[in-house]
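Welcome! Please take a look at the sequence and the 3D structure, and then read the notes below alongside them.

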Amino acid sequence: QLTPSSLLRIGQLSNVDLNEDIHELETELPRQRPNEIPHNEKLLSLKYESLDYDSSENQLFLEEERRINHAAFRTVEIKRWVICAMIGILTGLVACFIDIVVENLAGLKYRVVKDNIDKFTAKGGLSFSLLLWATLNASVVMVGSVIVAFIEPVAAGSGIPQIKCYLNGVKIPHVVRLKTLVIKVCGVILSVVGGLAVGKEGPMIHSGSVIAAGISQGRSTSLKRDFKIFEYFRRDTEKRDFVSAGAAAGVSAAFGAPVGGVLFSLEEGASFWNQFLTWRIFFASMISTFTLNSVLSVYHGNAWDLSSPGLINFGRFDSEKMGYTIQEIPIFIFMGVVGGILGALFNALNYWLTMFRIRYIHRPCLQVLEAMLVAAVTATVGFVMIYCSRDCQPIQGSSVAYPLQLFCADGEYNSMATAFFNTPEKSVVNLFHDPPGSYNPMTLGMFTLMYFFLACWTYGLTVSAGVFIPSLLIGAAWGRLFGISLSYLTKGSIWADPGKYALMGAAAQLGGIVRMTLSLTVIMMEATGNVTYGFPIMLVLMTAKIVGDYFVEGLYDMHIQLQSVPFLHWEAPVTSHSLTAREVMSTPVTCLRRIERVGTVVDILSDTSSNHNGFPVVESNPGTTQVAGLRGLILRSQLIVLLKHKVFVERTNLNLVQRRLKLKDFRDAYPRFPPIQSIHVSQDERECMIDLSEFMNPSPYTVPQEASLPRVFKLFRALGLRHLVVVDNRNEVVGMVTRKDLARYRLGKEGLEELSLAQT
């Protein structure tokens, strides 16, 4: 779909001025409010940088690697295992902390409200109870939202899209900081206690990743403490591998599913993988589940029992009672279709809602107000549903934590209250395991409808919250409803057990929203402790994914796209063979000479209009002007370290021995390299020369101009590059391919489309 004008523009980055968009919007809509941020999903943001997953093999690096003998490499390998064990232990402990605090605070809240409701049911005036419940919810959520909106906005949501981008090679600011972890943990406790339709499972993945990134560096830049351990791992490649281990440990702490954690990291998270990594990640996941298990068992008073493997335990399904027959398989497939359609609906609604939020609710105070509104509405809806429900069940023999009597006879409780008047995790388990006849179909239908919209409205608020448990809860409710109606139709046949259909519905709904297949099958199997349902769950998830993908993409991919992140998928767009490197690359390239004036380097780095991060180093004779062949590539961060340590030589004697920099100097500056503005270079120093030959990477990856886009993409993506130099047949630099040049091309509805770049 290349028009002549776009062929003329080849190579030049089309920087869109956002004012043009505003003018276009004003011609369409009569008067735009001034506080509106125009947002167009056909944009790619320039604020995201890439990570250096490709290590720079300069002379310093090679000298250090040659000095390391076999024994030292073994030490490094042992350190990797130690770090993985520490990641597992700490992630498990954080999960325990979240679980115990949530249990106590939510229990306290529900007891207060329950006593209040019981008191006012007798003498009238229930509106006061509603007010109390709504106020409690809103105030707790307000605190949780304020810390996220004003202190660390990256901690909002589940954090899975952010971690996915990080593992893909995009540097999302502040995503693996200690501050983010603290806000994430406090925020998720407050939002679950505040009664929002959220789960605490998604944020565990983000927390595990932050823990992993922190431990593997052996220091905290936020606390300004350096423990001088694990210095070998202070580079992006190593950090990335540990972050994928942290994500897996988070999943396995959340669901008690170590294998599911490894598969989640493989399927959803990591863009780079190798076999050694699998075994280490499995180790971290196992340790994390075990830690959580032992600590919670001690807390619950049965120390030798090891009975609670994850934050959510779906309880055991008995294989004897709960087999399935061959005629149920079409029913399961049908449930998968329903899950896919409902999931696609959920994602589409959430997409429009998020677009609205990006445009209008971008001020922190507005975001906090919206969160409080959602909290109050959730409480009100719950109260009204319980109040209007006449579904009474006998209390004896039932395991309800907070039975609300309301208008039921003595010795009975309100069945709607078990769904709303509880943390979502407990409600899911109730829907799976309560005996047939515990719920009225009307109750389940109303609950599904209300909770669907509440969960959709809640995801994307400025609070830390996961989408796993709400999806499971919606699915379990309509699945149980489905099971009840089946047993009506089949006159109470034994195989139509509602709990089994609740499990399938939960899998279908979650699969339809997040589109995970393999890892979700294993997580569901591990969390229910039952392999019998492996095949039906797999069928349901496959159907849900196929049906959902037909309409709209998965929730996490959608949010990545809405944030305009230059995310690289596994393959280049299918129809992109017509494009070559010459048309994709950015020109002109800022090159440095091998021996360059310090003033020139400072000016290039201070130039805000270009803001490049990698500079090809070329050989050029001082007398001539023509550019000669490519000699290497040097990064902005390396140049800044050189300027900071003043590695210059004066004009006259170029063979002067300078203070040797070691790799350690570069590692100490990682990951927050100082900005160029903070480095002072005097007028005399500007006239000095700087020799780049031992710091540059002498063997950068290059492609010829004629290479097709899929070929360039494959090389860039598989090696995790950040810069790919394009050369002509004389080995002279003609352009540079970076992540944004490749992520710009995407398959749209009409075929290949090119996104514009904007400073959003």
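Here is a short briefing on a helix pair, some aromatic rings and one lysine.

This is a predicted model, in which local features need pLDDT of at least 70, side-chain atom pairs count only at pLDDT 80 or more, and totals for chains, interfaces and linings use all residues. Residues are numbered from 1 along each chain as its sequence is written, and side-chain values use heavy atoms, leaving out hydrogens and water.

**Two crossing helices**

- Helices (DSSP runs of H or I, at least four residues) are numbered from the N terminus.
- Look for helix H8 (residues 202–217) and helix H9 (residues 236–255): their axes come within 7 Å and cross at roughly 140 degrees.
- Axes here are lines fitted to C-alpha atoms over the stretch in contact, and angles run from 0 to 180 degrees between N-to-C directions.
- H8 and H9 are therefore oblique to each other (under 35 degrees counts as roughly parallel, over 145 as roughly antiparallel, 65 to 115 as roughly perpendicular and the rest as oblique).
- Residues in the contact (heavy atoms within 4.5 Å) include Gly208 and Ala212 of H8, and Phe242 and Gly246 of H9.
- By class, the contact of H8 with H9 has 10 nonpolar, six polar and one charged residues; Ala, Val, Leu, Ile, Met, Phe, Trp, Tyr, Cys and Pro count as nonpolar, Asp, Glu, Lys and Arg as charged, and the others, Gly among them, as polar.

**Aromatic rings**

- The structure holds 20 aromatic pairs; rings of Phe, Tyr and Trp (its six-membered ring) pair if their centres lie within 6.5 Å, with planes under 30 degrees apart counted as stacked, over 60 as edge-to-face and the rest as tilted.
- One of them joins phenylalanine 255 and phenylalanine 468 edge-to-face, at 5.3 Å centre to centre and 65 degrees between the planes.
- Phenylalanine 255 lies in helix H9 and phenylalanine 468 in helix H17 (residues 468–489), so the pair ties together parts that are 213 residues apart in sequence.
- Both phenylalanine 255 and phenylalanine 468 are buried (under 20% relative accessible area, with exposed over 50% and partly exposed in between, using a 1.4 Å probe and protein chains only).
- Phe230, Tyr232, Phe233 and Phe242 are linked into a cluster by ring pairs.

**Lysine 644**

- You will find lysine 644 in helix H24 (residues 636–644).
- Lysine 644 has a relative accessible area of 44%, so it is partly exposed.
- Not counting residues up to four places away in sequence, lysine 644 touches Pro674 and Ile679.
- Between the C-alpha atoms of lysine 644 and valine 681, 37 residues apart along the chain, the separation is 8.9 Å.
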